[in-house]
Each structure stands twice: as C-alpha cells, then as structure tokens.
There are 2 protein chains.
Amino acid sequence: MSYVVALDVGGTSMKGGLVTLSGEVTVFPGRPTGRERGADAAVATINSYVSELADAGTATFGQAPAGVGLAVPGIVSATVALYSANIGWRDVPVAAFVPDGLPACLGHDVRTGGLAESVFGAGREVSDFLFLPLGTGIAAAVVVGGEPYGGANGWGGEIGHTPVWPDGEKCACGQRGCLETYASAAALARRYAARTGDAATAKGIVERAASDGDAAAVLGDAVEALAISLASYTLLLDPSMIVIGGGLGEAGPALLDPLAERLAARLSFREPPPLRQSALGVRAGMMGAAILGWRAAGRTDWSPGLVGHGVGHGL
Amino acid sequence: MSYVVALDVGGTSMKGGLVTLSGEVTVFPGRPTGRERGADAAVATINSYVSELADAGTATFGQAPAGVGLAVPGIVSATVALYSANIGWRDVPVAAFVPDGLPACLGHDVRTGGLAESVFGAGREVSDFLFLPLGTGIAAAVVVGGEPYGGANGWGGEIGHTPVWPDGEKCACGQRGCLETYASAAALARRYAARTGDAATAKGIVERAASDGDAAAVLGDAVEALAISLASYTLLLDPSMIVIGGGLGEAGPALLDPLAERLAARLSFREPPPLRQSALGVRAGMMGAAILGWRAAGRTDWSPGLVGHGVGHGL
C-alpha cells in the first residue's frame, strides 16, 4: 500500500504520521525540534525523524514512502524553507529535511492546515474561506479558489497583528491593539490573570465565563476583537465561510455563538458568512502535510474523503 | 481597424469611448444614466449610448465594433448585472445593455479599474496588489494573480466600510469608524466644514494643509485612517504594491508621502509595500471596460502597452 510521511513542524516541537493512499493515518509520538542547539541541528533532527518514520513505514507496508510533506513555520516555498524567526533557519532546501531520494514538498504551517480544511475539512464544499486557528498566537490561511494564498512574498495571513483597537493595549510586536493581544489563548490567560491575580487557561476562562464576571469580560473583549477583525476580512474578501480552529476553537459554540452575533452586529449592508468549527482540529497541519506529500509524489489517486478516519498510533 | 466600445457606468453618469486594436482611444462626452426614471430607463439609456458609440465607430472605422465592455456598479458577473443599490436594477443580462448581436462583457466598476491598472497601469509589472481609488466613497480592487478578486459572491473589496476606529464617528452605513467616514473625498469636505464652518473640496483641503491647522487635522485623520486600514490589508494579503487612485489620489505626494510614513509606522515586523499613484486616474474604469470588450470579442491581439496613448475626443 502506498503511503506518505507527513510532518507538522512547530517552533519547539513537531509531530509526524504516515498516511496511506486509502486514507489511513498512523500518528507517531511528537518530538522536540532541538532549535536551542541551532538551525542546523533542527534541520538534522527533522531529517532523522523523517527517516525513522520512513523506516517504520517500510517495515509496515513493505515499501518506501511515495513522498514526504512538511508543514513548517516562517516564510516557505514548496522547495525552500526561506526563513523562520522561530527556528532561525534561512534558505534551507527541502532536500535537507528528508533522506536522499525521497520526493518532498514544503508548506507554510498555517496555510497547510488551511489546505487540509479546504480539501477534506470544514471548507471542503466551498472554495473561498478563511481558516483561523486560535492558539498561543494567531495567524490565518486566506483560501482563494481552494488553495491557501500567501500573497506576493508569502507574508500573508498575519491577521493576529492587524490593528483592532489602534490605540489599545500594547502588543509584543511593538504595535498597539493587535487582534492577538486580545483574542489568542495566551492573551485570554494573561488578561484574566491581570484582572484577578489567578492563573487560568483560555479553555477554563471560556468555561467559567457564564458564572465569573472577570472571565466574561476577558472573553467578551476577545469576541469583540475577533468580530471587528472578521468584519474587516468579510468586507474585503467576501468569504463563503470562516473556519475557526486551534485549541481555543475547540471551545465550539461557547465561542462561536457570541462571535456570530457580534460579527453580524458589526456588518451593516451584508449578511455575515457562516462560522464553522475546524473539522480537523490540531491535526489540520499534519493532514495538509500529507496532501503535500502526495503532490510531491505526483499522485492524485489518494482518497481525501477517507483521510482522518482509521486513525491509529505508531511506534 | 478593429475597435471596441468601452463604457464606465457610475450611479448618476457614465462615460464611454472607442478603443482600437492598436490602442488609440477616442473619448466621448459623458451622459446621465437617468436612474431617477427607474432601472429599466437606465438600461435603455445605456443601450442607446452604446448604439451611438457603435454608430460613430462604424462611421469612422468602416466596421461594427468587435465587442463592448461595460464597467457597472453593484454586484456583477461577466454576463449579468445582478444588483445595484445605486441604480436599482436586479438580474439584468448583459445583452440588454447592447444592440443585438454585439459580443459584450460586464465588470464591477472598481474591479474593472483594477484590471486596467493590472494590465497596463501602475500594477502592470506585478501580479498581486491593491487598487484603492479614493473618491466620494471608497471601495477597492483586490488584485490576485493579475486579476481582480471579488470573493465568493462578488461582494469583496468593500474596504471603505472596514472599521478603523471601531468606536469612532458614525458612518452612513450604520456602523462606526469606517475608513470612508474619515478618508473619502466627501469625508474630508464634511469634517472640514464641521470644524470651520467653511466649504472646501478635498483637493483644496490637501492643498492648504501646510498652512491651515484645521485642514492639517482633517487630512491627518484621513492619512491615519488609511494607514491603519492599509496596515491590516498588508498583513493579511502581502501585496506587491498599493495603487492609490480616484480624485483624491491625484493629490499625489501631498497624500502619498505622509501615508507611506504612517503605514510604515503601523507595521512592526515587515516592510510596507510601496505606494504608487494610479497610472490611469479617473480613466481606469473605461480602460478596463475596453479590456472586457476585447475579451468579449475573443481577441487577444490588442496592444495593452499602447492604450492610453493617442487619446482623442469624439462626437
């Protein structure tokens, strides 16, 4: 059975899996990137992780993987990891990440997640949408014609630093009032702690908002910031839907219902697009990497409808 | 010599011209759309204007026009004018706008201007940019891969109603703090009059800003609003450049220089894209309509590089 190796590489850790032609997924334990030992070490660590996954696949399926897909942070083309502030690399060719001879393809981490949502996730029935994972930080995939769009130089999708309240709270980026300052998981925890002196996770804050005025206020600011930002996006790009993902997106209706109400209130002369929860959750990046792996292999006969089913755990 | 009829239809008036295969343009006197007599009357007025231009072209060039292109307001596909709040029509097929048998193509007014800037204007050397004409109102063309992008349903580009200061001044659309409320030509005049009691045009306000504190304050707010909005656009869509057009865009460096400075100040971790003045000015819509006319005719052998030269005046 043909399969690909799929990797979702974050700044500090990465996770990988094998995905077969018929859509069966075997997920492997994650691993640190080792970036604290430098960019070269991180590249070597990734290469060695891919090798192990390829070996495991060869043992299971009796053949080498057809291809390798890697979702990586920073500025990326299909063939070169151009720059990552997070890991510190510059201009690393895709071949450096994989054992000799394996066809491989790189993708931007968030846009690769958006690709997966587009091909077999929440956006599979539309071609133009926003994929907005809400995590420690916030960046988005602008999906146009079924494909994530990175702009002229791959710097697109930085919705987390668009100004929501231009004279608002200071953001780590140096500006004021960025979306991320109010609506990331880290922002919820930080702003709640600043009000109450108590530590709480973003998930905990959403859960207690019904009975805790401070949690409600912090969540309310996050929802309003998201509504303002998504109103701008909707007016500019008229998406068919907005897909909310990431850890905070898993709050589901507790976040999406008030957000839908506030988004509608921020729009005058048009209906808001529907809000949908990510279908793939935190697995979106790896699923998108599998698509890149099939593309690298030149295969188009894989089964997107099945991917995500039959999930097992390897190693 | 082959030629097309090109029309730029606004809410209250329209202007038309003939454009030859080698790029010579003959501009005809504008005409009211007659929308106050109803949508049907406006359609009939446009049809009759196209007929007159086609007759004039036949007399001059000895043949009927190869095609007709029409830039119209509202929601538009290539074959149907779906809706215009301004004129009041709904679902008017393109054939209704032109004499029998002439191939014709419709385009959205602002996006058709963006198409012209993309094909032979300020954006001709890049494929991804924003075309932002600043007129009585503000709407934009989001150019992706060389073509204006209208979103899922053609409602894209409404940058004029994106919230800049979400708790700011009331906009005619019902929201608060929209870009248009601060930065349209109408907004400059209105806000200057509110401060001073004096009537002044947007152009006059820009000109006197160096010596008039009220004009400087009004212009400063407009520039800041544009900078905030363009910072968001830049972070989301990473354009190669931003092309400023419309009547107010003709202020040139008096507007673009402070705007470039404020845009850079609103961005932390990336360079701003260059700002360029529209190459086609208020002629952009008609030039784009000519491109649509050639497309309707199935011709690809026209000379974009020459269009804009050899401008004459007809009738």
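How many residues does the hairpin that joins E1(A) to E2(A) run through? The hairpin joins E1(A) to E2(A) through 3 residues. This is a predicted model, in which local features need pLDDT of at least 70 and side-chain atom pairs count only at pLDDT 80 or more, while totals for chains, interfaces and linings use all residues; side-chain values use heavy atoms, with hydrogens and water left out. Residues are numbered from 1 along each chain as its sequence is written, and chains are lettered from A in the order in which they are written. Helices (H or I, at least four residues) and strands (E, at least two) are DSSP runs, numbered from the N terminus.

**Chain A overall**

- Chain A has 9 helices and 15 strands.
- The radius of gyration of chain A, taken over C-alpha atoms, is 20 Å, close to the 20 Å that the globule rule gives for 315 residues, so chain A is as compact as a globular protein of that length. The globule rule is 2.2 Å times the number of residues to the power 0.38.
- The C-alpha trace of chain A spans about 60 × 40 × 40 Å along its principal axes.
- Buried residues (under 20% relative accessible area; exposed is over 50%, partly exposed in between; 1.4 Å probe, protein chains only) make up 57% of the 315 residues of chain A.
- Contact means heavy atoms within 4.5 Å. Among contacts in chain A between residues at least 6 apart in sequence, 62% join residues at least 24 apart.

**Strand E1 of chain A**

- Strand E1(A) covers residues 3-9 and is mostly covered, with 7 of its 7 residues buried.
- In a regular strand the side chains alternate between the two faces of the sheet. From E1(A), Tyr3(A), Val5(A), Leu7(A) and Val9(A) point one way, and Val4(A), Ala6(A) and Asp8(A) point the other way; all are buried.
- Two strands pair if DSSP finds at least two bridges between them. E1(A) and strand E2(A), residues 13-20, run antiparallel and are joined by 7 bridges; Ala6(A) has Gly17(A) as its bridge partner in E2(A).
- E1(A) and strand E5(A), residues 67-72, run parallel and are joined by 5 bridges. The bridge partner of Leu7(A) in E5(A) is Leu70(A).

**Five-stranded sheet of chain A**

- An open sheet of 5 strands in chain A has the order E12-E11-E10-E13-E14, with mixed pairing.
- Strand E12 (147-149) and strand E14 (275-277) of chain A stand at the edges with a single partner strand each, so one side of each is left without a neighbour in the sheet.
- The twist averages 30° from one strand to the next; axes are lines fitted to C-alpha atoms, for helices over the stretch in contact, and angles run from 0 to 180 degrees between N-to-C directions.
- Strand E10(A), residues 129-133, and strand E11(A), residues 141-144, pair in the antiparallel sense over 3 bridges. Phe129(A) stands opposite Val143(A) in E11(A).

- In chain B, an open sheet of 5 strands has the order E12-E11-E10-E13-E14 and mixed pairing.
- Its edge strands are E12 (147-149) and E14 (275-277) of chain B, each of which pairs on one side only.
- Strand E13(B), residues 241-245, pairs with E14(B) in the parallel sense over 3 bridges, and Val243(B) stands opposite Arg276(B) in E14(B).
- Helix H6(B), residues 213-237, packs on this sheet and touches E10 (129-133), E11 (141-144) and E13 of chain B; the direction of H6(B) makes about 155° with that of E10(B).
- Ser232(B) lies in helix H6 of chain B and is buried, with a relative accessible area of 14%. Leaving aside neighbours within four places in sequence, Ser232(B) is in contact with Thr162(A) and Pro163(A).

**Helices H2 and H9 of chain B**

- Helix H2(B), residues 109-120, and helix H9(B), residues 284-296, pack at an angle of about 80°, with their axes 7 Å apart.
- H2(B) and H9(B) are therefore roughly perpendicular to each other: the class runs from 65 to 115 degrees, with under 35 roughly parallel, over 145 roughly antiparallel and the rest oblique.

**Ile87 of chain B**

- Ile87(B) has its place in the loop between strand E7 (80-83) and strand E8 (90-93) of chain B.
- Ile87(B) is buried, with a relative accessible area of 5%.
- The C-alpha atoms of Ile87(B) and Thr33(B) are separated by 8.4 Å, and the two residues are 54 residues apart along the chain.
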